[in-house]
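Dear colleague,

Here is the structure for you to look over. My notes follow below.

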Amino acid sequence: VSEITIRNYRSDLASMVNLSCPNPDEFDLDSFIATGIEPYRRILAKSFRKSTANRKLGTLRGFLDWASESGLVQATVPRVYSVEAAPGTKVRARWLDAKEQERLLGAVLSEGLVRDNAIISVMLSTGIRTSELCELRWDDVEIDQNWGSLRVRRRATDSYATFHLDLIARLWLGPLGYKESQGSREKLFVGRSGGITRRSVEMLVKRYAKLAGLQGTTPLTLR
């Protein structure tokens, strides 16, 4: 991951220690797992916006999963619940309906960039995460005349999931270089200095969503 992401993770974990223990030097992970997770969640709910609190809780989940898998803790790690919206708050899930998807695809098509058309098409076709998109390699793709699939590695379980590629995604992966690169370990999507980054994907989606007149559209919306 990027240096910014690492810095954010470290900041979240440092905040967890400081908020959970009067003297951070005395912080004990086993004790925190046994009795401290829920109090910490309540502190976050009172002190931060819901999105920020849940980001910090997401960092905690990832850290505890790693700590458990690495043998750093022996106890069973309990479920870490998210912070819910305040009572009476209406939360509308944001996604693109069929007409909005057509508008977005049309905006990308108008620019004529093969890579960008392939990225948006693959994201809409499969719903994979931005981080998974950035890690794709050519040997993760299989395409024939009437069918296509995409193999995605799931880091949490060290396994692979397979997604169907629709016709539009298959058509754009062809001119991107499928025949020439089929089976290679080269990155599927690249930028100016190597593999495309999550930030680049976010900016790309934002750019074309603006062209299509779609407010509040992010990679998560496409997912």
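Leaving out residues up to four places away in sequence, Phe189 touches Arg115, Ala118, Ile119, Val122, Leu133, Leu136, Leu173, Leu176, Gly195 and Ile196. Contact here means heavy atoms within 4.5 Å. This is a predicted model: local features need pLDDT of at least 70, side-chain atom pairs count only at pLDDT 80 or more, and totals for chains, interfaces and linings use all residues. Residues are numbered from 1 along each chain as its sequence is written, and side-chain values use heavy atoms, with hydrogens and water left out.

Phe189 belongs to the largest nonpolar core, which has 36 residues. Val122, Leu133, Leu173 and Phe189 touch the most other members. A nonpolar core is a set of buried Ala, Val, Leu, Ile, Met, Phe, Trp, Tyr and Cys residues joined through side-chain atoms within 4.5 Å. Buried means under 20% relative accessible area, exposed over 50%, partly exposed in between (1.4 Å probe, protein chains only). Elements giving two or more residues include helices H4 (98-111), H5 (114-126), H6 (130-135) and H8 (198-211). H5 gives the largest share, 6 residues. Helices (H or I, at least four residues) and strands (E, at least two) are DSSP runs, numbered from the N terminus. Another core lies apart, with 16 residues, among them Val17, Leu29, Ile37 and Leu64.

Now the sheet. It is open, with 3 strands in the order E1-E2-E3 and antiparallel pairing. E1 (141-143) and E3 (159-164) each have a single partner strand, so one side of each lacks a neighbour in the sheet. Strand E2 (residues 148-154) pairs with E3 over 6 bridges; pairing requires that DSSP finds at least two bridges between the strands. Arg151 stands opposite Thr162 in E3. Helix H7 (residues 167-181) lies across E1, E2 and E3, at about 115° to E1. Axes are lines fitted to C-alpha atoms, for helices over the stretch in contact, and angles run from 0 to 180 degrees between N-to-C directions.

Next, the helix pair. The axes of H1 (residues 3-20) and H2 (residues 29-47) come within 10 Å and cross at roughly 100°. The two are therefore roughly perpendicular (65 to 115 degrees; under 35 is roughly parallel, over 145 roughly antiparallel, the rest oblique). H1 contributes Asp12, Ser15, Met16, Leu19 and Ser20 to the contact, and H2 contributes Phe32, Tyr40, Ile43 and Leu44.

Last, Lys56 in helix H3 (residues 50-69). At 7% relative accessibility, Lys56 counts as buried. Beyond neighbours within four places in sequence, Lys56 contacts Asp12, Ser15, Tyr40, Leu44 and Phe48.

Best wishes
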